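Okay, thanks for coming, everyone. Let me put the structure up, and then I'll talk you through it.

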Amino acid sequence: MSGTEKFFFLGAVTLAALMMSQAPQDSAAPASNMAVITPDNTPAGDDITPAPTILTISPSNTGYLDRLSACPGLSTARAADVGPDLQVVDFKPFVLAAGTVRLASAPVGGGCFSSAFGMRNGRLHKGVDYYSDSPVPVYSAAAGRVRSRSYRSDYGNMLVIEHGNGVYTRYAHLESFAGPDVGDLVSSGDLLGIMGNTAGYTIPRHLHFEVLTGTWKPRLGSFALTPADVMALPAAED
Ligand SMILES: [Zn+2]
């Protein structure tokens, strides 16, 4: 990441955090008799920093989900950390893979958590699923290089990114691919494609997202790697 990119990325994170911190105020019920401080009703004379503008940052870096809801159909038995309001408790928007690579946990522009990592119908579900009934963007979870971009009947339109230190991420069932192709460098938050339902069988629209570690092998490629549960990885420091 160049100095300029780093600056913009850090700026995006900061602005995203600022916008997040404002979100509850923006959504507060107007009937509330509590004083809600917004740029529109700030008392005159108060030394308040102006609201941040988002015009100077790459929108893709603000696209990750910062909070996560479980889809209504998600079995609580397989996602025990979901509260009664369907919010995923202690959701970690960024995690550390292999102790070194900072990854976004939910690199999608929208959707809900529809399937956890782990055994499903007697087979290991090697990733997590995010479901959306409408097409939403899918972003690179971290900077890296596109290692594989292909169609498979089991994974549909599938893209694998290598992040270094033996860490990879896989994005499956994409409706379409965006710009990055094999060998291209991507930044954290770059658009990879649109969430879809491509596969050799009928499935709902969702992103199947895998975090993989290990060594890429000539014939097996990404299928020689070991899947990890992104939700179980440690939270990354800001
Ligand atoms: Zn899946």
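First, one term: a residue is buried if 20 or more other C-beta atoms lie within 10 Å of its own, exposed if 12 or fewer, and partly exposed in between, with C-beta atoms placed from the backbone. Take Cys71: it counts as buried because it has 20 C-beta neighbours inside 10 Å.

Bear in mind that this is a predicted model, where local features need pLDDT of at least 70, side-chain atom pairs count only at pLDDT 80 or more, and totals for chains, interfaces and linings use all residues. Numbering runs from 1 along each chain as its sequence is written.

So where is Cys71? Cys71 sits in the loop between α1 (3-26) and β1 (94-97). Helices (H or I, at least four residues) and strands (E, at least two) are DSSP runs, numbered from the N terminus. The chain has one helix and 15 strands.

What does Cys71 touch? Ignoring neighbours within four places in sequence, Cys71 is in contact with Cys112, Phe113, Ser114 and Tyr131; contact here is C-beta atoms, placed from the backbone, within 7 Å. Phe113 is 42 residues from Cys71 along the chain, yet their C-alpha atoms are separated by 5.5 Å.

Now the inside. A nonpolar core is a set of buried Ala, Val, Leu, Ile, Met, Phe, Trp, Tyr and Cys residues joined through C-beta atoms within 7 Å. The largest one has 50 residues, and Leu103, Leu159 and Tyr171 have the most contacts inside it. β10 (167-174) gives the most to this core, with five residues. Overall, 36% of the chain's 238 residues count as buried.

Conventions:
Two residues are in contact if their C-beta atoms, placed from the backbone, lie within 7 Å.
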